[in-house]
Amino acid sequence: MALTEDTETTDSGQADDGLVGDASRVTGIDNAVLRMSEAEVAALTQETTDEFGDSKMIINMGPSHPSTHGVLRLMLEMEGETVLRSKPIIGYLHTGMEKTGEQLTYLQGCTNVTRMDYAAPLFTELAFSLAVENLLEVEIPDRATWIRMMMCELNRMTSHLLFMATNGMDLGAVSMMIYGWREREEVLRFFEKVTGLRMNHNYIRPGGVAADLPDGWQEDVLGLCDLIEPRLEEYDILMTGQPIWRERLQGVGVINEAECLALGATGPLLRSAGSSWDLRRDMPYLAYDDVDFDVIIGTYGDSFDRYAIRLNEIRESIRIVRQCVANMPKGDYRVQNKKVTPPPRARIDESMEALIHHFKIFTEGFKVPEGETYAAVESPRGEVGVYLVSDGSSTPARMHVRAPSFVNLQTLPHLMHGGLLADAVAIISSVDPIMGEVDR
Amino acid sequence: MGLFAPEGEGKSLASHGFEGLEHNFVTGRLEDLVGWSRARSLWPATFGLACCAIEMMASGAAHYDMARYGMEVFRASPRQADLMIVAGRVSQKMAPVLRTIYDQMMEPKWVISMGVCASSGGMFNNYAIVQGVDQVVPVDVYAPGCPPGPETLLHAIFTLHDSIQNGDLLRRREANNGGAMIEVAQRDGQSAPVTIGRS
Amino acid sequence: MSDVATPDEELVEEETVEPEPELHGAPVTVVAGQNVLHATVETYPELLANLQAEAFGQVVDLCGVDYLLGGRSDVPASIETKRFEVVVNLLSHAKRERIRVRAQVAEGESIASIFDLYPGTEAMEREAFDMYGIDFHGHPDLCRILMPENWQGHPLRKDFEVGRIPVQFKAAPRQG
């Protein structure tokens with residue numbers, strides 16, 4: 001196992017008994033969450049208060065709002081500019097993807113789950129594929145594993161660049177929006193070369209990946225790494241050391257480790273509070289135990305830590321991608337099991353069997369043995385997991401996606417409590433929710 | 001005569017310093033002028049819902065740059081916007097909000113339905129998604145794709161510009177008694193095609 | 001113990017002789033290499049309190065499943081299967097281990113909310129209620145989360161239609 005010096009080993013700092021901080025702020029019913037229904041809020045506004053009565057006001061932010069990262073609606077109880085209690089109201093992007101998932105075959109399933117977290121689609125595809133492969137009990141070839149790992153790390157880079165772009169724009173550093181997208185375009189061009197699409201790739205499928213890497217991919221990928229690495233220094237100059245940036249983010253939206261664990265938060269949110277939990281290092285999947293990388297941890301649990309963690313995770317992803325280029329094994333890019341993977345196009349013209357397999361796989365779909373499983377990976381937002389129940393047919397009986405943003409959003413009221421309204425924008429941005437996976 | 005005579009006494013063009021400048025009036029029709037100015041400074045309202053919003057932001061970013069067409073200011077307030085690009089899937093909960101925002105926009109206003117989910121419900125033919133945003137608002141241009149790349153979105157925008165400018169849009173709207181309902185072709189993937197699998 | 005099996009004992013093979021495997025006080029099955037504990041509505045709250053004491057500090061996911069159309073055969077015999085299941089996936093950072101709890105809930109029956117143990121389940125339980133109609137007693141604010149507040153029905157139930165409409169061709173005048 002390739003652990004670096006920085007990685008903490010075993011239990012120190014990870015035992016749930018010795019939690020850092022106290023979770024009492026989030027437990028219990030009387031906390032920062034505004035648990036009122038629409039009818040109750042409407043009734044409240046009808047009440048007349050006397051001149052020296054309550055100066056509290058319940059206002060609505062979203063769902064159509066430039067800074068709520070999609071269709072998030074927040075009900076804020078405010079006193080002046082200070083946010084007291086709040087409640088995120090979601091469901092404005094509910095697509096019924098879990099119901100649709102029960103109608104689609106396992107090969108089509110990735111087209112569905114990929115559209116949940118649309119900033120980092122390959123991770124949800126990967127979690128789904130791993131869950132299906134758990135039930136199928138097939139062994140994925142090494143090359144497929146390494147291709148998946150490399151593409152996922154590239155996707156982590158694009159997702160974090162998107163975070164930095166939107167974070168910058170929300171806080172006023174509008175040029176960061178332009179820079180972030182400039183870098184993203186380069187990586188998206190590579191994705192289009194490999195997968196055929198810029199977004200929502202449907203590339204990682206049960207059994208491996210959809211297509212092999214094209215010729216010349218090493219030069220492309222190393223070119224991307226060489227391009228992006230110095231630009232991260234530009235971002236450091238533009239933002240990290242800048243006094244206004246620090247004023248706006250340091251001390252804003254503070255959460256401690258115990259609260260994060262109690263609320264089920266994972267990803268950079270949890271790591272900013274000091275926990276070193278990263279599924280790639282602690283419960284390795286794919287080939288993450290064969291590559292060297294550091295897990296970035298924050299100290300204060302504030303928005304600045306989350307920004308810094310994501311910036312440095314881009315650097316770590318570049319490091320992993322370089323190792324993937326150097327160590328990419330040769331071999332098949334998908335498992336050679338005729339019942340699972342479609343045959344190559346040319347063979348369909350020659351073999352009747354191949355034609356029949358192709359037909360069966362694409363119309364009826366391959367059957368997965370009965371059982372249930374949960375597979376999780378570390379996406380840029382946290383742990384994305386797929387709970388899959390199969391009844392032995394070619395469509396899932398239940399496909400539930402554990403979306404990290406859905407759970408992380410529960411921290412919002414606690415992060416925003418006592419802060420200003422302008423801090424609310426910074427906090428939402430630092431939690432980096434993607435509403436597609438929140439609402440599914 | 002007068003000011004426009006190249007030569008002449010006293011109050012000629014030359015004596016006013018306008019030597020060589022013979023025509024300093026541009027004549028045209030008011031409709032053309034109005035159409036041109038409307039088309040060239042459309043301000044979109046932020047209505048990015050899902051994945052298409054990411055591609056819409058990419059169109060506004062440096063590489064594809066909608067600012068060249070006067071459109072990079074995404075107005076948060078619908079009162080200041082002319083164009084609503086419905087980018088993403090519209091759920092049942094969001095449909096009333098969409099209609100409210102549309103109603104709050106001032107005339108003249110246009111709607112581009114970006115992506116297949118907004119145009120027809122896309123791959124989500126189920127209880128949760130409105131099967132086409134034209135069930136809620138009148139649509140002028142439908143841009144296909146899942147998501148449509150910036151090239152397709154720009155093609156849709158240019159189509160809209162052209163039809164605003166030459167008055168075609170208003171004619172189509174009258175004919176359909178609603179939106180102009182122009183469909184554009186998807187323009188992405190202009191680079192070499194990708195072969196899935198290997199032969 | 002006699003070392004010669006009598007004819008009677010040979011016939012009664014595995015039913016009474018082998019006890020059900022147990023873990024943390026509940027019947028366990030191992031599915032695809034993962035431990036799954038089975039619970040009923042009565043044993044569920046205590047089981048989760050035990051698990052929290054055993055350093056399973058995070059509930060990663062809580063969801064509902066509808067088995068109206070069948071399709072499961074791995075529930076131990078001592079647990080009576082009901083229509084719905086509440087599935088809780090837990091994670092222990094210290095032990096780097098996952099465990100799953102499946103509780104059987106009948107239609108109309110109410111199961112305890114684990115909000116007091118794990119506040120992070122608030123939104124997850126609301127989603128299970130919204131999608132399946134499973135009631136969690138003790139939840140601070142059990143209302144719909146994904147569907148509009150006045151929606152009728154619970155979408156992920158197997159008897160709720162997908163709502164597919166036939167594809168309509170709108171005959172838009174084409175251009176370019």
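**Figure 1. The open three-stranded sheet of chain A in the predicted model.** The three strands of this open sheet follow the order S1-S2-S3 (chain A) with antiparallel pairing, where strands are DSSP runs of E of at least two residues and helices DSSP runs of H or I of at least four, both numbered from the N terminus, and where two strands pair if DSSP finds at least two bridges between them. Strand S1 (56-61) and strand S3 (82-89) of chain A stand at the edges with a single partner strand each, so one side of each is left without a neighbour in the sheet. From one strand to the next the twist averages 20°, with axes taken as lines fitted to C-alpha atoms and angles running from 0 to 180 degrees between N-to-C directions. Strand S2 (residues 73-79) of chain A is joined to S3(A) by six bridges, the two running antiparallel, and A:Glu79 stands opposite A:Thr82 in S3(A). This is a predicted model, in which local features need pLDDT of at least 70 and side-chain atom pairs count only at pLDDT 80 or more, while totals for chains, interfaces and linings use all residues. Residues are numbered from 1 along each chain as its sequence is written, and chains are lettered from A and ligands numbered from 1 in the order in which they are written.

**Figure 2. The side of chain C that touches chain A.** In this view 36 residues of chain C are in contact with 45 residues of chain A, a contact being a pair of residues whose C-beta atoms, placed from the backbone, lie within 7 Å. Strand S4 (58-66), strand S5 (84-92), strand S6 (97-105) and helix H3 (121-132) of chain C each give two or more residues to this side, and the largest share, six residues, comes from S4(C). By class these residues divide into 20 nonpolar, nine polar and seven charged, with Ala, Val, Leu, Ile, Met, Phe, Trp, Tyr, Cys and Pro counted as nonpolar, Asp, Glu, Lys and Arg as charged, and the others, Gly among them, as polar.

**Figure 3. The contact between chain A and chain B.** Chain A brings 33 residues to this contact and chain B brings 35 residues. On the side of chain A that touches chain B, two or more residues come from each of helix H2 (97-103), helix H6 (174-195) and helix H13 (345-350) of chain A, with H6(A) giving the most, six residues.

**Figure 4. Two residues with positive phi.** Although A:Asp432 is not a glycine, its phi is positive, about 55°, and the residue lies in the loop between helix H17 (421-431) and helix H18 (435-439) of chain A. A:Asp432 is buried, with 27 other C-beta atoms within 10 Å, where buried stands for 20 or more such atoms, exposed for 12 or fewer and partly exposed for counts in between, with C-beta atoms placed from the backbone. C:Ala55, likewise not a glycine, has a positive phi of about 70° and sits in the loop between helix H2 (44-53) and S4 of chain C, where C:Ala55 is partly exposed, with 16 other C-beta atoms within 10 Å.

**Figure 5. Two cis peptide bonds in chain B.** B:Glu107 and B:Pro108 are joined by a cis peptide bond with omega about -10°, and B:Pro108 lies in the loop between helix H3 (95-104) and strand S3 (110-114) of chain B. The peptide bond from B:Cys146 to B:Pro147 is also cis, with omega near -10°, and B:Pro147 is placed in the loop between strand S4 (141-143) and helix H5 (150-165) of chain B.

How values were computed
Two residues are in contact if their C-beta atoms, placed from the backbone, lie within 7 Å.
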